[in-house]
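Have a look at the sequence and structure first, then read on.

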Amino acid sequence: MSGQKHLSLSRGEKEVFVRVRKRDLEKLTTEVMQLRDFLPRILNTGLVQMVYQVRATETVKEQLMQEQVKLRLECQHLQSRLDAAQSDCQREREEKLLLREQLWQSGAQLQQQADFCSGLGSATCNLLWSCSVSEDTVTHWLADAKLQAFLAIAAQTLESFIGSLDVELKPQTEDQNSQEHQFVLALAGTITNIAAVTCGRDFLSASAHSMLDTLMKLLELMKPGVFPRLKVLMLMSLYNVSISVKGLKYISENPGLLPLIWTLLNDGDWEVCLHSLRLLQSLLLDEEVLILLGSSLLAPDLQARVSQLVSSVEPSLRLAAQQTLEDMQVLQQVPLSKCLNLEQEGGLNSSSDLWVIVFC
């Protein structure tokens, strides 16, 4: 057809030929030559690198946008968790304030109950102390088989009271008017009066060894000058028990008894020293105790301390120290068998036939 390009294709087995008009070929050749001239001017190495950088930047941009979306989602998630945590914190703060108020109220109620119990215990034990003066009362207590439980509670109470002295850093002065102090004094006084009755001290000597151990242990724990009246009552209890042969045998077998007496003789309170001397006299006037303790009872340091008490301004303490010193001197000068004979004949100043009842 006229006015149109005619292309004829001759296909062989391996090559393909295209028939092009010469004019079109020249035109194509001209255009290719022009591109060869202009392209190096336009497309230099920097531009190619810039194209590559632009493509890399676009790739990084897409990654950053994706990372930004991811971070935005994480931020929203963290914000939600923060809001929830703040809500929980506020709720817990309110609960804490409520619990603190309840704790304060419970503490106040507990203190009221403790004060009431202390007052009730003080009044009840003072009544027991007054009743225990009667021998018939102690006999009835033993008949009712309630004394063992009472002694167990009394021992636990005394241990708790004395153990709290250092824990609570209480002042080392005695508060005579406190209900707690009156409570433990009444307990100790009741035990002393029980031991002053024959059946009572026999019971303590045979069936209440834990109470005797507790008394000696607590006397050892109490510091010099602290609660002297309580010490006196506990020493009276031990002295009353020492009148019983079984009781004296049991307490004398305690290895800490003599060191305890030595410590109490240096207590500083004259009544504590007096009752320590009386307990020492009980040891000096018993044959089995003399055989058991031997020279420990006649130690020079112990005798020197007793000699110092002879010059006391308190008449009763001075007399007890003089009698104890005479007993120790007799034991030093006379063989043991002769000393025992002198005791039976009245040659030694024996005070073990006395017993003590204390009043409120």
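The protein has a mean pLDDT of 81, and 82% of its residues reach 70 or more; pLDDT is the predictor's confidence in each residue, from 0 to 100. This is a predicted model, so to speak of local features a pLDDT of at least 70 is needed, side-chain atom pairs count only at pLDDT 80 or more, and totals for chains, interfaces and linings use all residues. Residues are numbered from 1 along each chain as its sequence is written, and side-chain values use heavy atoms, with hydrogens and water left out.

Helices here are DSSP runs (H or I, at least four residues), numbered from the N terminus. Where pLDDT is low, the predicted coordinates should not be read in detail.

## Two helix pairs

Axes are lines fitted to C-alpha atoms over the stretch in contact, and angles run from 0 to 180 degrees between N-to-C directions.

| Helix pair | Angle | Axis distance |
|---|---|---|
| Helix 5 (residues 179–196) and helix 6 (residues 198–207) | about 105 degrees | 5 Å |
| Helix 11 (residues 270–284) and helix 13 (residues 300–309) | about 130 degrees | 12 Å |

Helix 5 is thus roughly perpendicular to helix 6, while helix 11 and helix 13 are oblique to each other. The cut-offs: under 35 degrees is roughly parallel, over 145 roughly antiparallel, 65 to 115 roughly perpendicular, and the rest oblique.

## One ring pair

What about aromatics? There is one aromatic pair. Phe 161 and Phe 227 have ring centres 5.3 Å apart and planes at 75 degrees, so they sit edge-to-face. (Rings of Phe, Tyr and Trp, the last by its six-membered ring, pair if their centres lie within 6.5 Å; planes under 30 degrees apart are stacked, over 60 edge-to-face, the rest tilted.) Phe 161 belongs to helix 4 (residues 147–167) and Phe 227 to the loop between helix 7 (209–221) and helix 8, so the pair ties together parts 66 residues apart in sequence.

Key:
Helices (H or I, at least four residues) and strands (E, at least two) are DSSP runs, numbered from the N terminus.
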